[in-house]
Amino acid sequence: MGKRDVQIFFLLFFWLGVFLFIMEGRGSAVNTPASRPLTRRSKSYGRSCVEAPSYFWQTPGHLTVLKVPTSRGAAKSQLITNKVDPEHIALLVKNEWKLSYVTPLHHFRHTQLKSYSRHLAAFIAAENQQGVAVEVGLEAGFKVTFTAVLGLAETDEDAETVFIQIQSKPAFAAAADAPKVVWRGWLTCVNGDPEYLRSLPSDFVSLPLFCTSGSESLTTLVKTWFERAFDCNFGSLALNSTTLNWLAALWTGCHPTCNIRHLKLAWSLPTQPPLDVSYTVNPQDAWELWNSIHPEESTDDKIDIKEVQSFINGLETHFFRHFKIYLSAGTLVKVSTALGSAHLDGKIKIGNSDYITTLLTLLTESALLKMPT
Amino acid sequence: MDAQVRSVLRRVIQRIPNKNIENLLKKWNCLSADQLCALDYTRPKWMIVEQVTSFCEENRLNLKHITNLEMIYHIENPDKGVWHACQLTEAQDDAVGVDLTQFKEQFKAHLHGVVRHISIKIKKHEDEAIWIRIAWGDNFSKPNHLKPTYVVHHLHTSYVFISNLMAKHKIFLSISVATKHGSIKDGHLSTRSLTAMRELLLRRYQQVTYPGSLSGSLQAKSNVYPCIGKEHSEHEEMRYQMSCEAFGHGPTPKLETAVYRLETRYRGNGNHTLSDREEFFRGVVRFSSSSLLDSLRHCVASGMAEGPVTPLLSAITQRGRNYFVITDKGPGVSSQASAQRA
């Protein structure tokens, strides 16, 4: 065996070791790379020292291990309108958004938004002509607008949010008719894991959270266009009960500065037929309970997951003492306050823009964790 | 036929699925046989509405006939709309002996006495129920037939079921219905299904008779792991018995929701300063399901709820209500809060 062969074997084993390390860190079952369609690319991942064998497919940036945080800072109110254009904020606060995650976008440039608008509009028109089902019927065409929403990004590593709006131009509209908005979506990254973001090669932009509102068919078209243009992948982002628990605690903690009006938790119990239980707690009382677990005056600004669990347990136990029903036999499905609502299926509503950063931080984190390797 | 009458007619026809329209029109008996044959029920709904309207105009039908049709529709479909139960209390001595004619006369007399413009229609159904349709007007305007109130009363019971009653008319109705009683009060029971309400209050469903052995599905599960099954069968029997005691055995009335307003002291985990508070830990709990009592029964039988069934839940069937305000009786009482009338 020559020196060169030894080098190759060594490097192969090195990458094997790294690959397995990543798998363990993520805690997921080994995702056989062979099952993924191989996209032959001429772009390198920035590691020109090795010709990576074709059966090791790696998303850039996954040399870092993303951990689920067990503690986080309390929700801070910010007059977000100081940082972000109020008109942009109004766009986000209106609707119910369906969540997806998206892998990093290759060669996405915030300076090219106008050209992206034209391309996406042309793509939708072309798909329409091919007979891809779009429910909109008599529309003559679509107008697409990409806007950069500056100011939502928190850290230097966060990329700026991009907002996309699709308006329809009906076939027989009078000149004075305003075009109707039929679809909205936005890509964002708020307080994304800095190590992960720094490890991405320079030509990748990470905007892992994708929120959409509008018909499914248009959402699919937009995703397809993004996948083809920026070599990325989308997936649906369902929230888990830990995220919902965090939101319940964080939002309740905001009550002194911003009246949350109520803390409403909804569980679903697997009886036949299924039983929905909704518990709406008086906001002041909910805050008193939270304050007894994590006092406001405590010097430690960090909230631990154990405190959050204690809060939820307290509510479940109070419920149990009355009804003798174990809420833990069911699933927490929805949390809502005046600040917003979040549903297990991956649907959110933003009620109050002051605490939008807290919500988006949690969701960005969920999106990054959900992304496949 | 004026515009209002046409609106009422259109609304009735639009609500019914096409296949049921024929039966309703036959029962109504206001269209001739030829006209009934001429109707094509496979056509779109708006066409049928047009046809029926034109036949009614031909036959010179008026408001009375159309409201009759609406009433027949509601009697045949009692599970539409939201119904509230009320109870008559402090019966006078001659309350039991009231017969239908007396009731009708007194009711109409009272209402006409207090509201100037009002339209009342009373029908007796086979199952001893009296159906009353009221279209309310006021001192200046004619009765509004697009928003009628429906009242159902079983003569020799103390229950009255009401649908679509506005707050401002409540007092008038109360006086008129409670002719032989001292007062009428809120029964704290509301559902979409009048049938379920009547079953629950008039005790028309099968209650306690515990069959003495496990139902089929529970037994099948225990056959998969016989040893585990044996260990658990005693507990399962007990849980099943408790669930039947509280919620009956067999089909239950189809209630959809139960609401509890909690005003009790905090009873969460042990070591919080909150447990020593005097103030209440306020909240509202709402249970909902396509068939609430079935869900609750399964909850108890499967172990998701601990037995014995808490009085808060069994009060739904025992007291026939689904809205409760739960308060602590006072300091020093046991940790089980009790259900009280609001």
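Where in chain B is the place of Arg15(B)? Arg15(B) sits in helix α1 of chain B, which covers residues 3-15. Keep in mind through these close-ups that the model is predicted.

View 1. Five residues come together here to form a positive surface patch: Arg11(B), Arg15(B), Lys80(B), Lys147(B) and Lys168(B). Take Arg15(B), from helix α1: its relative accessible area is 42%, so it counts as partly exposed.

**View 2. The two sides of helix α2 in chain A.** Helix α2 of chain A runs over residues 86-94, and its buried residues are His88(A), Ile89(A), Leu91(A) and Leu92(A). Look down the axis of α2(A) and these buried residues fall within an arc of 155 degrees, so they line one face of the helix. Turned away from that buried side is a face with the exposed residues Glu87(A) and Lys94(A).

**View 3. A salt bridge between Arg133(B) and Glu70(B).** Side chains of opposite charge can pair when their charged atoms come close. Here the side chains of Arg133(B) and Glu70(B) meet, 2.7 Å from N to O. This pair links distant parts of the chain, with Arg133(B) in strand β3 (residues 129-136) and Glu70(B) in helix α5 (residues 63-76), 63 residues apart. Are the two partners buried or exposed? Arg133(B) is buried, at a relative accessible area of 1%, and Glu70(B) is buried too, at 6%. Strand β3 of chain B also holds Trp131(B), which counts as buried because its relative accessibility is 1%. Trp131(B) and His74(B) are 57 residues apart in sequence, while their C-alpha atoms are 9.4 Å apart in space.

View 4. Across all chains, the count of salt bridges comes to nine. One of them joins the side chains of Arg43(B) and Asp40(B), at 3.8 Å from N to O. Arg43(B) is partly exposed, with a relative accessible area of 36%, and Asp40(B) is partly exposed as well, at 29%. Another pairs Asp294(B) with Arg297(B), whose closest N and O atoms are 3.1 Å apart. Both of these residues belong to helix α11 (residues 292-302) of chain B, three residues apart, or about one turn of the helix. An α-helix has 3.6 residues a turn, so residues three or four places apart point the same way. Asp294(B) and Arg297(B) are both buried.

**View 5. A nonpolar patch around Tyr225(B).** Val224(B), Tyr225(B) and Ile228(B) make a nonpolar surface patch of about 330 Å². You'll find Tyr225(B) in the loop between α9 (216-224) and α10 (226-247) of chain B. Tyr225(B) has a relative accessible area of 55%, so it counts as exposed.

View 6. Which peptide bond of chain A is cis, with omega near -5 degrees? That's the bond from Gln272(A) to Pro273(A), and Pro273(A) sits in the loop between β10 (263-269) and β11 (275-281). In chain B, a cis peptide bond joins Gly307(B) and Pro308(B), with omega about -5 degrees. Pro308(B) lies in the loop between α11 and α12 (311-319).

**View 7. Two histidines with a positive phi.** His107(A) isn't a glycine, yet its phi is positive, at about 60 degrees. The loop between β3 (105-106) and α3 (113-129) of chain A holds His107(A), which is partly exposed at 43% relative accessible area. His188(B), also not a glycine, has a positive phi of about 55 degrees. His188(B) lies in strand β6 (residues 181-191) of chain B and is buried, with a relative accessible area of 16%.

How values were computed:
Residues numbered from 1 in each chain as written. Chains lettered and ligands numbered in written order. Predicted model: local features only at pLDDT ≥ 70, side-chain atom pairs only at ≥ 80, totals over all residues. Heavy atoms only, no water. Patch = residues over 30% accessible without salt bridge, like charges linked within 9 Å, V, L, I, M, F, W, Y side chains within 5 Å. Areas by Shrake-Rupley, 256 points an atom, 1.4 Å probe, with all protein chains shown as cover. Salt bridge = Lys/Arg side-chain N within 4 Å of Asp/Glu carboxyl O. Lys, Arg positive; Asp, Glu negative; His and termini not counted. Charge placed at Lys NZ, Arg CZ, Asp CG, Glu CD. Helix = DSSP H or I, 4+ residues; strand = E, 2+ residues; numbered from the N terminus. Buried < 20%, exposed > 50% of the residue type's maximum accessible area, 1.4 Å probe, protein only. Arc of directions from axis to C-beta.
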